[in-house]
Amino acid sequence: MKRASHANTADIFQEDAKHEEPAEHLLKLNALLDETIIPYEVNEGQIESWVNALETVGEMAGPIYWLLRIRLHEAALLCAGNYVDNCEFSAAGDLLVNPREIQVHSKDARPPARKWVRKWRHGRLSDQFRENGHSRKHTIESFKNEYRLEITRPPLLPYLLGSLKDSGRISGAYLAHADRRMRRITDALGFLTSWQIFGAADLHRRTLRATPETRSFIASHLCRFDNRIFLQAGSAVHRMANDPACTCDLLVPIR
């Protein structure tokens with residue numbers, strides 16, 4: 001499968017599902033992850049496509065399925081950490097806190113949401129629903145009375161981590177690692193904004209002018225994630241494909 005097809009992974013897997021066994025789909029997805037240079041060749045949309053491809057197979061209880069969910073969570077963590085380290089704060093926020101979809105429902109089925117309307121992901125409700133001649137304050141007050149919001153697709157990182165925690169199949173050590181990395185991302189975001197660094201050029205200038213000690217201090221507050229666990233989970237998938245009796249310390253042993 002060519003890398004140019006990443007964004008359409010879910011569609012491809014759904015078509016292949018008519019002809020292949022679920023195990024074959026899992027191994028194909030693992031191979032696709034192996035050949036992708038993460039985090040540099042991925043974004044939120046591609047990772048979401050892989051999640052959809054995995055979920056197309058079904059919520060299987062098998063260890064390979066859960067190892068792939070770990071790999072996808074690691075891919076999202078690596079991507080978010082790379083965004084923060086390069087001061088792409090909006091893209092990092094999308095993965096971490098910004099819901100992928102919020103539906104706006106009309107309480108009395110009136111326009112603009114006879115059934116529902118998708119909220120703009122970036123931008124204010126007052127801009128999306130403001131009518132000509134109405135103030136922003138009037139728009140917000142009217143919106144509170146006439147519409148309700150429903151998060152239908154939460155942010156990708158909390159969604160993936162929540163599924164791992166709820167599964168009962170993931171080791172406590174990995175979940176603790178995942179929580180630490182999530183905190184590292186938010187701490188790095190807070191550090192950079194508190195230093196009034198709002199873009200990669202700001203960070204480059206500040207680092208260039210800094211003493212060696214200050215450069216080390218800045219680096220220590222960035223994410224700088226490694227892909228060790230992403231690779232470990234992929235290797236475990238290969239081993240289990242050849243020998244289902246193999247174990248991996250990322251998973252809770254099956255008794």
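Helices here are DSSP runs of H or I with at least four residues, strands are runs of E with at least two, and both are numbered from the N terminus. You're looking at a predicted model, where local features need pLDDT of at least 70 and side-chain atom pairs count only at pLDDT 80 or more, while totals for chains, interfaces and linings use all residues. Residues are numbered from 1 along each chain as its sequence is written, and side-chain values use heavy atoms, with hydrogens and water left out.

Of its 255 residues, 44% are buried (under 20% relative accessible area; exposed is over 50%, partly exposed in between, with a 1.4 Å probe and protein chains only). Count contacts (heavy atoms within 4.5 Å) between residues at least 6 apart in sequence, and 69% of them join residues at least 24 apart.

Most residues other than glycine have a negative phi, and most peptide bonds are trans.

Select I38 and P39: the peptide bond between them is cis, with omega near 15 degrees. P39 sits in the loop between α2 (22-34) and α3 (44-57).

Now jump to Q196, in the loop between α9 (172-194) and α10 (200-209). Its phi is positive, near 55 degrees, and it isn't a glycine. Is Q196 buried or exposed? Exposed, at 56% relative accessible area.

Last stop: R224, in the loop between α11 (212-220) and α12 (228-242). This non-glycine residue has a positive phi too, near 50 degrees, and R224 is exposed at 55% relative accessibility.
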